[in-house]
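Keep the sequence and the coordinates open as you read.

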Amino acid sequence: MRYSDSVEPVITLTSGPVNAYPDVLRGLGRTVLYDYDPAFQLFYEQVIDKAQKAMRLSTRPVILHGEPVLGLEAAAASLITPQDVVLNLASGVYGKGFGYWAKRYSSNLLELETAYNEAIDPQAVQNMLTKHPEITVVSVCHHDTPSGTINPIDEIGALVASHGAYLIVDAVSSFGGMKTHPEECHADIYITGPNKCLGAPPGLTMAGISDRAWTKMKANPSAPRASMLSILDWEKAWSRNEPFPFTPSVSEMNGLDVALDLYLDEGPEAVWARHALTAKAMRAGVKGMGLDLWAANEAIASPTTTAVRTPKGIDESTLRSEVRARYGVVFSSGRGETLGKLTRVGHMGPTAQPIYAVAALAALGGALNALGFKADTAAGVRAALAVIDADAEAI
Ligand SMILES: *Cc1c(COP(=O)(O)O)cnc(C)c1O
């Protein structure tokens, strides 16, 4: 039998969006309250409190009512002025992409780029800051998802902070799946969302904003106001006593509320640990099967996505189609420069469970063999199980 494209897959193991936790799906079905009903205003304030707790912030985060690309574009539009000298760090498609937004608001753009299977070297950032004392804003993507690689943002953030520049961080696909928080990396604007490691649908941005970022945005006459791109409009919206600039996404807030409860109740450390273990099992299996990881070294491989280099002679798009048709499993492709060169298996939220690595490896190996590439599926599965079993017996 084959799974038709017109029926839902059995397991979605993408690098976002991912299927939501069942409890989140039920939360999305809650009553759609009128946004000025006092019960909703109180609820909104409580969700912001939970987001603040999850993000370990000393100030209230802002929720914007569009998936995190809205937050990233809004950050560029609100914080960057024509007087700013921006250093954009790019180790992949998302990092590079932020540079295009930055350029819209300041023509003074410097970029530090690495190969898309490497990570940004903090020493290289320090060299740029020393060479260009005029840099006022630095932007970086934490987990550049289309490469499955992690940048050392806590180290980079410390350097940027001592230079005195503002830092914009895209942590969309890392927050909730590993230890990362806005204040630990000295972010002035830290963008994330519910649709990756928190296991809720796409539709909201969660933004950590530093006090000095608020001050800079308010002093920027061009920062969007009375606009869908505005961050400033939402500054006080957390309070049950303040109006919303426009109607918030009520159902998405219901879903986020449950996702934050699940995250906080399970315990962030436990959530990160199952992301890390799933990725570790996956990497062991990929190597055990005779395939190559995309990341130049395992130390920079993401705990929330594993990128597998496309073997010679295999068409990547055909490979994913075969995985879906044969086994009902969905993986992500690369994007832009990494398209065709790698296949991504996501370990995010509900799919950050080690047994899904085993399923992913079996499906990957099976499809590769069907397409004529000799992958040692059994050795890959054994290697993944060895990692999982060692962890289970390590107590
Ligand atoms: C998912 C993601 C975003 C949001 O963009 P999408 O439109 O959902 O692709 C932004 N940045 C990163 C690093 C992401 O992984």
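A polar side-chain atom of Thr 145 lies 2.4 Å from an oxygen atom of the ligand. Tyr 94 also places a polar side-chain atom by a ligand oxygen, at 2.5 Å. For Lys 196 the corresponding distance to a ligand oxygen is 2.7 Å. A polar contact here is a pair of N or O atoms within 3.5 Å; within protein, one atom must be able to donate a hydrogen and the other to accept it, and residues adjacent in sequence count only if both atoms are side-chain atoms. Taken alone, the ligand exposes 370 Å², and the protein buries 89% of that. These areas come from the Shrake-Rupley method with a 1.4 Å probe; for residues, only the protein chains shown count as cover.

The model is predicted: local features need pLDDT of at least 70, side-chain atom pairs count only at pLDDT 80 or more, and totals for chains, interfaces and linings use all residues. Residues are numbered from 1 along each chain as its sequence is written, and side-chain values use heavy atoms, with hydrogens and water left out.

The residues surrounding the ligand include Glu 67, Cys 141, His 143, Asp 170 and Arg 335. Such a neighbour has a heavy atom within 4 Å of the molecule.

Next, the aromatic rings. The structure holds 11 aromatic pairs. Rings of Phe, Tyr and Trp (its six-membered ring) pair if their centres lie within 6.5 Å; planes under 30 degrees apart count as stacked, over 60 as edge-to-face and the rest as tilted. Tyr 34 and Tyr 36 have ring centres 6.2 Å apart and planes at 65 degrees, so they pair edge-to-face. Trp 234 and Phe 244 have centres 6.4 Å apart and planes at 45 degrees, so this pair is tilted. Are Trp 234 and Phe 244 buried or exposed? Both are buried. Tyr 34, by contrast, counts as exposed because its relative accessibility is 57%. Tyr 36 has 31%, so it is partly exposed. The cut-offs are under 20% relative accessible area for buried, over 50% for exposed and in between for partly exposed (1.4 Å probe, protein chains only).

Tyr 166 has charges over its ring. Arg 212 lies over the face, 4.0 Å from the ring centre. The charged end of Lys 216 sits over the ring too, at 5.3 Å from its centre. The criterion is NZ of Lys or CZ of Arg within 6 Å of the ring centre and within 35 degrees of the ring normal.
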